[in-house]
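Biologist: I would like to learn how to read the inside of a protein model. Please show me with an example.

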Amino acid sequence: MAAPGENLRINPDRLWDSLMDMAKIGPGVAGGNNRQTLTDEDGEGRHLFQSWCEQAGLTVAVDSMGTMFAQREGTDPDALPVYVGSHLDTQPTGGKFDGVLGVLGGLEVIRSLNDLGIRTKHPIVVTNWTNEEGTRFAPAMLASGVFAGVLEQDWAYARTDAKGKTFGAELERIGWKGEEPVGSRKMKAFFELHIEQGPILEDENIDIGVVTHGQGLKWLQVTLTGREAHTGSTPMPKRRNAGLGMARVTELVHEIAMDYQPDAVGAIGHIETYPNSRNIIAGKTVFTIDIRSPDKETLDEMDERIRDGVATICEALDIAYEIEQVGHFDPVTFDEGCVAAVRGAAERLGYSHRDIVSGAGHDACWINRVAPTAMIFCPCVDGLSHNEAEEITREWAAAGCDVLFHAVVETAEIVA
């Protein structure tokens, strides 16, 4: 495959303007975005994206999980398409770039090809995956998980939000339930541009992260059951304190993660305590443990050590425990050929780059199971994401999209 010339670049101002225009939909209270999946704001953002795609000459299709596919035809009707994209949904207090950069960066690739009159052998498809964030309907990466055959569609439709509304009903309500069967598409490759969501690239003054692996993840939900009692009149030795148990498990998780540096991480996330009264010793706590590593053996060892440690802690405190695995995916190794295309593009364009492991889950992690896949990272200020203060520069966005442009076009093959 011939590589595009280094003079081929996207239009950075148009990309930035598109990001800012999308950010006007579902504005957050502190300058970011609240465009959670299958809300009215999500529907409005989808309509804007669809209009931009149609203006660029793309044909938009929607599958039965609501994922949008906007296709630019290639010269060979039998050639497998090259896919590019990410997601438009956000956290409740999300930023303007997480996910959105990958979708609108893909659109900018198409617009730039149109500007330059370049045709490709393979079609190019810009994708907006439904419910990547998983905030309103757990788990994350729901639609791409169904696409990859990891999750069942009926199970996904039955996911409920905090108000008891189901994913399937809300998908129909906002009018984005398509007819196309999920997973019926075949891909030559998939590329996802994303902000790093970590501090490494900015700290090292690196333009591009060439993502070689994605961390494996396990989410454990732990329930500790002690006994509610008056905080003032219950002697310390007589207490069965579920809150103390949670505190000790929190420290345990941190210690275990530190034993597997530099790449492993772990923390306590969602926490509930009962009865949650200032003068009652907690009789029950429910909390989640999030552990991640790019090495499966390490991830499994961390899991085993946590389970053993919880048992020891609870025995010492005379409290009961339950542990349920509520989320999991194995570490991901991205396709060597796609990764090489990203690395080559960064070198050709003169951008500084380094190999990097993704600490977060992305739709690319599931799609990697069914197609050759790679990711591109650009820096974000202070590594901050899932926060309304999330920020990138116009130059970082342009560099990431330039690399995306070259990797996608090289893979899709320019027609002379």
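Modeller: In soluble globular proteins, nonpolar side chains tend to be buried together. Here the largest nonpolar core has 94 residues, and those with the most contacts inside it include Phe 49, Leu 101 and Ile 392. A nonpolar core is a set of buried Ala, Val, Leu, Ile, Met, Phe, Trp, Tyr and Cys residues joined through side-chain atoms within 4.5 Å. Buried means under 20% relative accessible area, exposed over 50%, and partly exposed in between (1.4 Å probe, protein chains only). This is a predicted model, in which local features need pLDDT of at least 70 and side-chain atom pairs count only at pLDDT 80 or more, while totals for chains, interfaces and linings use all residues. Residues are numbered from 1 along each chain as its sequence is written, and side-chain values use heavy atoms, with hydrogens and water left out.

Biologist: Which helix gives the most to this core?

Modeller: Helix 12 (residues 394-412) does, with twelve residues. Helices (H or I, at least four residues) and strands (E, at least two) are DSSP runs, numbered from the N terminus. Another core, of 24 residues, lies apart from the largest one and has Leu 252 and Tyr 260 among its members.

Biologist: How should I read a strand, and which strands pair with strand 6?

Modeller: Two strands pair if DSSP finds at least two bridges between them. Strand 6 (residues 208-214) runs parallel to strand 14 (residues 353-358), with six bridges. Strand 6 is antiparallel to strand 15 (residues 373-378), over three bridges, and to strand 13 (residues 332-333), over two.

Biologist: How many residues of strand 6 are buried?

Modeller: Six of its seven residues.
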